[in-house]
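Hello,

Here is the structure we talked about handing over. Please open it first, then read my notes below.

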Amino acid sequence: MTDITTAQQDRVQIFDTTLRDGEQSPGATMSHDEKMEIAGLLDEMGVDIIEAGFPIASEGDFAAVSDIAKNAKNSVICGLARANFADIDRAWEAVKHAPRGRIHTFIGTSPLHRDITALDQDGMVEKIAATVSHARNLCDDVHWSPMDATRTEHDYLCRVVETAIKCGATTINIPDTVGYTAPRESADLIRMLLERVPGAEKITFATHCHNDLGMATANALAAVEAGARQIECTINGLGERAGNTALEEVVMAMRVRNDIMPYRTGIDTTKIMHLSRRVSQVSGFAVQYNKAVVGKNAFLHESGIHQDGVLKNVQTFEIMRPEDIGLTAKNIAMGKHSGRAALRAKMAELGYDLGDNQLKDVFVRFKALADRKKEVYDDDLVALMADSSAGDEHLKVQKLRVVCGTEGPQEAELTMAVGGEEKSIDATGDGPVDACFNAVKMLYPHSAKLDLYQVSAVTEGTDAQATVSVRISRDGTVYTGQSADTDTVLASVKAYVNALNRMHAGQGRANNSALQTSAAG
Ligand code: KIV
Ligand code: ZN
């Protein structure tokens with residue numbers, strides 16, 4: 001007979017906040033369609049709860065959370081709200097469309113935050129009672145967070161948690177908002193709450209850790225060992241400042257070290273790599289090469305001793321298999337003689353389900369790439385997809401010639417369609433990329449500021465594709481663009497134009513959203 005109690009106790013729920021806390025990273029922006037796609041992938045991957053956004057922050061956030069709620073299949077869809085009725089009502093309006101919706105309301109409880117809100121301890125308790133009760137009257141599933149819990153006095157933390165439970169909160173999240181705690185303290189805090197707070201045994205404790213000291217994953221796992229049964233995390237650890245607990249790290253840590261962390265999640269780990277790549281592409285945040293689990297180097301072995309060991313027995317230097325996270329072997333994937341069916345099958349293996357129109361478009365660009373590049377690897381195909389996710393095409397690069405070398409100034413001759421009208425210009429600059437960007441600006445005058453320009457090589461060799469990310473901002477709104485090409489300068493121009501197209505289509509993200517002004521992490 002199955003021991004249901006033990007099984008339930010061992011199950012850790014995964015609460016993904018890539019679309020809320022992750023999207024709050026300065027500079028990360030996702031369009032409505034991209035958020036829908038990421039939410040669909042998270043749902044398919046087995047994430048228990050998706051925090052889809054902060055509905056009162058903007059009309060765009062509200063629309064994204066509502067549409068994600070309408071399309072949810074298995075995941076609970078959650079919306080964030082500050083401790084006031086207007087926020088909570090708005091969150092409910094958005095998540096009520098989901099088969100299972102959740103309201104997450106929070107208030108900063110540490111002395112620093114009480115000062116900011118000008119509430120004394122009693123006043124804050126009253127506010128918590130009123131707002132949690134209000135949320136619970138709307139929705140059966142209420143998630144409450146004492147922001148900056150790890151810097152809140154213990155007696156007061158017990159008091160506010162008890163209040164939230166009495167007023168109907170079903171999940172109590174303990175955020176380490178500023179990434180200040182350490183594993184032992186993180187565990188002790190959960191243990192203390194379980195021991196001291198009446199009613200604690202009836203609710204689920206969640207842990208939400210930021211990575212300012214590089215301890216987010218360790219702190220989250222320590223909280224689980226002490227009794228927390230929900231981990232708040234993001235894909236690639238995306239998030240404010242140094243980011244959040246990374247989903248892929250906690251899930252793989254519990255899987256690989258199940259002997260000492262005997263917990264289960266509902267995550268299909270083979271979807272991890274695809275989500276990591278897509279989140280990186282759509283947010284404009286590259287994954288560092290040596291990032292645990294999903295970094296480019298995570299399964300590469302450079303030193304002779306390591307290579308020799310891995311060839312004899314892969315377990316000598318690998319604690320997980322690349323295929324466990326959905327990483328296919330880096331074989332020569334395709335050549336210029338490969339056909340459409342082979343491309344569709346290869347793309348499906350990489351996690352892309354291409355419709356007929358998308359396949360047609362990707363196939364044309366794949367052929368062009370195969371003509372220029374001897375070996376087309378899996379990573380090249382993934383980079384091609386980054387390009388095909390370009391938004392509205394108000395601007396389209398048609399022709400580019402660049403003169404560069406030791407004799408400056410460098411020159412660019414650019415022909416670009418602007419709203420369907422073909423325009424050409426010659427421009428100079430301090431280097432070829434600068435000359436090209438100047439040309440774009442002359443053909444499409446605008447006041448956006450370039451905040452980030454980043455180039456990385458997709459694969460090895462001098463014919464490798466370069467992936468370029470560009471971030472621009474105008475009037476407090478941020479827009480990102482990506483592109484990939486074997487010609488680094490062309491990829492740069494296309495990425496810049498991609499960001500400008502998004503600006504033209506209004507697909508940006510406010511830099512100073514209401515959430516940031518309320519100091520949530
Ligand atoms: O870090 C934090 O405290 C948050 C809260 C909104 C839960 O993100
Ligand atoms: Zn946070």
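**What turned up**

Phe-363 and Phe-366 are both buried. Keep in mind that this is a predicted model. The two rings form an aromatic pair of the tilted kind, with 6.2 Å from centre to centre and 40° between the planes. Both residues belong to helix H15 (residues 356–372). They sit three residues apart there, about one turn of the helix.

A second pair is stacked: Phe-437 and Tyr-496, at 4.2 Å centre to centre with 10° between the planes. This one links distant parts of the chain. Phe-437 is in helix H17 (residues 432–443) and Tyr-496 is in helix H18 (residues 488–504), 59 residues apart. The whole structure holds three aromatic pairs.

Rings meet charges too. The charged end of Arg-90 sits over the ring of Phe-62, 3.6 Å from the ring centre. Arg-114 lies over the face of Tyr-156, with 4.7 Å to the ring centre.

Next, the strands. Strand S8 (residues 230–233) runs parallel to strand S1 (residues 13–16), and four bridges join them. Phe-15 stands opposite Glu-232 of S8. Strand S7 (residues 204–209) also pairs with S8 in the parallel sense, over three bridges. Here Ala-206 stands opposite Gln-230. Which way do the residues of S8 point? Gln-230 and Glu-232 point one way, Ile-231 and Cys-233 the other. All of them are buried.

Last, the largest pocket. It holds about 1,100 Å³ of space. Its lining counts 39 residues. Met-273, Arg-277, Lys-296, Asp-379 and Val-458 lie nearest the centre. By class, the lining has 19 nonpolar, 13 polar and seven charged residues. Which elements each supply at least two residues of this lining? They are helix H12 (272–283), helix H16 (378–388), strand S14 (449–457) and strand S15 (466–474).

Best wishes

Methods
Residues are numbered from 1 along each chain as its sequence is written. Chains are lettered from A and ligands numbered from 1 in the order in which they are written. This is a predicted model: local features need pLDDT of at least 70, side-chain atom pairs count only at pLDDT 80 or more; totals for chains, interfaces and linings use all residues. Side-chain values use heavy atoms; hydrogens and water are left out. On a 1 Å grid over the protein atoms alone, a cavity is a set of points where a 1.4 Å probe fits but cannot get out, and a pocket is an open set with protein on both sides within 12 Å along at least five of seven lines; lining residues have an atom within 4 Å of a point. Grid points are joined across faces, edges and corners, and a volume is the space filled by probe spheres set on the points. Ala, Val, Leu, Ile, Met, Phe, Trp, Tyr, Cys and Pro count as nonpolar, Asp, Glu, Lys and Arg as charged, and the others, Gly among them, as polar. Rings of Phe, Tyr and Trp (its six-membered ring) pair if their centres lie within 6.5 Å; planes under 30 degrees apart count as stacked, over 60 as edge-to-face and the rest as tilted. Buried means under 20% relative accessible area, exposed over 50%, partly exposed in between (1.4 Å probe, protein chains only). A charge sits over a ring if NZ of Lys or CZ of Arg is within 6 Å of the ring centre and within 35 degrees of the ring normal. Two strands pair if DSSP finds at least two bridges between them.
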